[in-house]
Amino acid sequence: MESGNPTRRRGLMGSHGMPKLWHSSLTIKDQYKVETRTIAVDFGRSDIYDKIEAGLTGLEIGVLVNNVGVSYPYPEYYLQIPQLDNFITNMINVNVTSVCQMTRLVLPGMVERSKGVVLNISSASGMYPLPLLTIYSSTKAFVDFFSRGLHEEYRRQGIIIQSVLPFFVATKMTRIRKPTLDKPTPERYVAAELSTVGLQGQTNGYFPHAVMGWLTTKLVPCNVVILYGGRMNRLQRSGYLRRKKLREQANGDKLTELTEQANGDTPTEQANGDKPTEQRNGDGLKNGDRLKND
Ligand SMILES: NC(=O)c1ccc[n+]([C@@H]2O[C@H](COP(=O)([O-])OP(=O)(O)OC[C@H]3O[C@@H](n4cnc5c(N)ncnc54)[C@H](OP(=O)(O)O)[C@@H]3O)[C@@H](O)[C@H]2O)c1
């Protein structure tokens, strides 16, 4: 969330990790010489909006960025998602309820002043169904529809409501460590995105992403995109589960070794004349660096 006031510039931020929130708040304060206000809430809950409303008292909010979002830890079939019941509630509260409720709290002031900008961060995953990330993809389609509908309702009153649909950006969510042209840093993406505000109601926000958006919606039939997306996600899923299994095996082996050492037993590989565990697992050694990445 961000608020703007021509005379006293302020930033308002919401997240759930207090130390991280304070750190970000201080960084913004120092770097941009603005006042900041923080409200720590868990957007996975639905009973937080009175607290947020109270925290917003007295602020004139010029810009609202509905950025908070969660995705899957790895692509998974609907019924095999661990703790599916909680997963559904959390994802809908974070990705959908937050957008509607924050807009409910902030839009009236914007309408009163006949100006304001709401940036809703949807996703390219909301442009078509994405199998094995189905709930995420559906929540992002909701954000896109909500934004475009609301934009048409309020644009005559001077309010811009933009639907932002990025492809991959190198963030904590995607765990992409090396940014590339098509997977930019957040800074690069945001700089490009901001230049589209007021020009595009719905945007991929960054030229290479706009090209990808055009290719996947205009050039390739939707069914092919869904099929391909499903295939990619099945591959990712099996890779993730294989690495998880290897890691668990490696941890299990290590635990056995440690227990044996603690009991004063001779380490297994020496007694058997075997190679060390990692070499026995061959694959495990080769995948060592990938295991670290999960
Ligand atoms: N990265 C991409 O490739 C990509 C692509 C398309 C769309 N998007 C969308 O872009 C937005 C930002 O994502 P990101 O990539 O920057 O992900 P991120 O690094 O994981 O950031 C997500 C943000 O949401 C906050 N958050 C998550 N769950 C929360 C909860 N229950 N309560 C309060 N705050 C919560 C996180 O706060 P903490 O840090 O305190 O956990 C963090 O600030 C999301 O809506 C995402 O769906 C991202």
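Here are some notes on the predicted model above, point by point.

1. Ground rules. Because the model is predicted, local features are taken only where pLDDT is at least 70 and side-chain atom pairs only at pLDDT 80 or more, while totals for chains, interfaces and linings use all residues. Residue numbers run from 1 along each chain as its sequence is written.

2. Overall make-up. The protein chain has 11 helices and six strands; these are DSSP runs numbered from the N terminus, H or I of at least four residues for helices and E of at least two for strands. Of its 294 residues, 22% are buried. Here buried means 20 or more other C-beta atoms within 10 Å of the residue's own, exposed means 12 or fewer, and partly exposed is in between, with C-beta atoms placed from the backbone.

3. Contacts along the chain. Take the contacts between residues at least 6 apart in sequence: 65% of them join residues at least 24 apart. A contact needs C-beta atoms, placed from the backbone, within 7 Å.

4. Helix α3. This one spans residues 84-113, 30 residues in total, and covers 43 Å from first C-alpha to last, close to the expected 44 Å at 1.5 Å a residue. The expected span is 1.5 Å times one less than the number of residues. Do look at T97, where α3 bends by about 45 degrees; the bend is the angle between axes fitted to the seven residues ending there and the seven starting there. After the helix comes S114, with a positive phi near 55 degrees.

5. The cores. The largest nonpolar core holds 17 residues, and L64 and V106 have the most contacts inside it. A nonpolar core is a set of buried Ala, Val, Leu, Ile, Met, Phe, Trp, Tyr and Cys residues joined through C-beta atoms within 7 Å. Two or more residues each come from α3, β4 and β5, with the largest share, five residues, from α3. Leaving out residues up to four places away in sequence, V106 touches I61 and L64. Apart from this core lies another of eight residues, F43, L130, I135 and Y136 among them.

6. Ligand shell. Of the 22 residues around the ligand, the nearest are G69, S123, T171, K172 and M173; a residue counts as near if its C-beta atom, placed from the backbone, lies within 6 Å. The shell splits into nine nonpolar, 10 polar and three charged residues. Ala, Val, Leu, Ile, Met, Phe, Trp, Tyr, Cys and Pro are the nonpolar ones, Asp, Glu, Lys and Arg the charged ones, and the others, Gly among them, polar.

7. Two loop residues to check. K33 is not a glycine, yet its phi is positive at about 50 degrees. K33 sits in the loop between α1 (18-32) and β2 (35-40), and with 8 C-beta neighbours inside 10 Å it counts as exposed. R175, also not a glycine, has a positive phi near 55 degrees. R175 is in the loop between β5 and α5 (186-194) and is exposed, with 10 other C-beta atoms within 10 Å.

8. C222. This cysteine is in helix α7 (residues 222-262). Why is C222 classed as exposed? Because it has 12 other C-beta atoms within 10 Å. The C-alpha atoms of C222 and Y128 are 7.1 Å apart, though 94 residues separate the two along the chain.

Methods:
Contact = placed C-beta atoms within 7 Å.
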